[in-house]
Amino acid sequence: MRDKLGEEVAEFLEADEGAVLEELADVLEVVRVLAADLGVEADQLEWLREATASERGGFDGRIVWTGNR
């Protein structure tokens, strides 16, 4: 499934506006399957995402730290 995630992300990145949401949904589906394989339900994963975003900041502002250069 990790390889499938890479494949789906690549398809999302290459998708045109007409297909981008469908490809993003495919990425989400693979992420949910990977979480389930680790024994984590979708609601638990969402809770962890929210907690991590609260602690370290999320990507809502579209700002991504790339480290010191």
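1. A friendly place to start is the helix pair: R2, K4, L5, E8, V9, E11 and F12 of α1 are in contact (heavy atoms within 4.5 Å) with V20, E23, L24, D26, V27, V30, V31 and L34 of α2. By class, that contact holds 9 nonpolar, no polar and 6 charged residues. Nonpolar covers Ala, Val, Leu, Ile, Met, Phe, Trp, Tyr, Cys and Pro; charged covers Asp, Glu, Lys and Arg; the others, Gly among them, are polar.

2. Please keep in mind that this is a predicted model, with pLDDT of at least 70 needed for local features and 80 or more for side-chain atom pairs, while totals for chains, interfaces and linings use all residues. Numbering runs from 1 along each chain as its sequence is written, and side-chain values use heavy atoms, leaving out hydrogens and water.

3. Helices here are DSSP runs (H or I, at least four residues) numbered from the N terminus. The axes of α1 (residues 2-14) and α2 (residues 20-37) approach within 8 Å, crossing at roughly 165°. The two are therefore roughly antiparallel, a term for angles over 145 degrees.

How values were computed:
Axes are lines fitted to C-alpha atoms, for helices over the stretch in contact, and angles run from 0 to 180 degrees between N-to-C directions. Angles under 35 degrees count as roughly parallel, over 145 as roughly antiparallel, 65 to 115 as roughly perpendicular and the rest as oblique.
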